[in-house]
Amino acid sequence: MEAQLLSIYQDCSVLVERRAKRIVGSQATAQDICQQVFMRVLNDLRSGVVIQHPSAYCYRAATNLALNWLRDTRRRDELLQQQAMSPEDDASAPDNIDTLAVRDVIARCKDEADATVAAYHYIDGLDQTEIAALLGTSRRSVNRRLERFNEHARHLLGRESHVHV
């Protein structure tokens with residue numbers, strides 16, 4: 001079991017940390033999420049769970065934990081304040097306002113599957129066909145989830161256009 005855990009860690013730790021950082025935007029938080037992923041791996045191995053595809057397992061666990069972190073954190077208010085600043089008002093305003101808005105909407109999304117699809121699309125840049133293949137679902141299902149997410153984003157952000165990254 002320990003050898004299997006070490007092997008999975010060596011093969012997947014960089015992938016997990018990069019995935020988490022891409023979603024949460026913080027290296028320190030990404031490292032915390034990485035630790036949580038491998039605690040899950042350890043617990044599952046101890047429980048006798050067979051992890052057939054360790055990289056897919058770890059990638060999905062990192063995605064879910066990062067999305068949970070976004071939901072649970074108080075950073076939402078900070079992101080909303082940053083999003084409210086317009087680049088014309090402040091020369092130091094971040095260039096990635098839309099990315100901040102997407103992260104905020106993902107954090108506030110009540111449907112985990114919609115949030116996951118949105119993260120794959122808007123943060124990772126995957127197209128609908130790639131997301132469908134990754135999740136084992138139809139492209140149409142991915143499209144519906146993105147439509148729901150966009151409607152949710154328009155409602156939260158008070159915009160008439162789609163969220164852009």
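1. The chain has 8 helices and 0 strands. Both are DSSP runs numbered from the N terminus: helices are H or I with at least four residues, strands E with at least two. The order from the N terminus is α-α-α-α-α-α-α-α.

2. This is a predicted model; local features need pLDDT of at least 70, side-chain atom pairs count only at pLDDT 80 or more, and totals for chains, interfaces and linings use all residues. Residues are numbered from 1 along each chain as its sequence is written, and side-chain values use heavy atoms, with hydrogens and water left out.

3. Burial comes next. Of 165 residues, 41% are buried (under 20% relative accessible area, 1.4 Å probe, protein chains only). The accessible surface is about 9300 Å² (Shrake-Rupley method, 1.4 Å probe). Carbon and sulfur atoms hold 46% of that surface.

4. Take contacts (heavy atoms within 4.5 Å) between residues at least 6 apart in sequence: 63% join residues at least 24 apart.

5. Look at α1, residues 2–24. This helix kinks by about 55 degrees, centred on C12. The bend is the angle between axes fitted to the seven residues ending at a residue and the seven starting there. C12 is itself buried, and so are R19 and V24, among others in α1. G25 follows α1 with a positive phi, near 80 degrees.

6. Now α8, residues 139–157. Its 19 residues reach 26 Å from first C-alpha to last, close to the expected 27 Å (1.5 Å times one less than the number of residues). Its buried residues include N143, F149 and R154. G158 follows α8, and its phi is positive, near 65 degrees.

How values were computed: Buried < 20%, exposed > 50% of the residue type's maximum accessible area, 1.4 Å probe, protein only.
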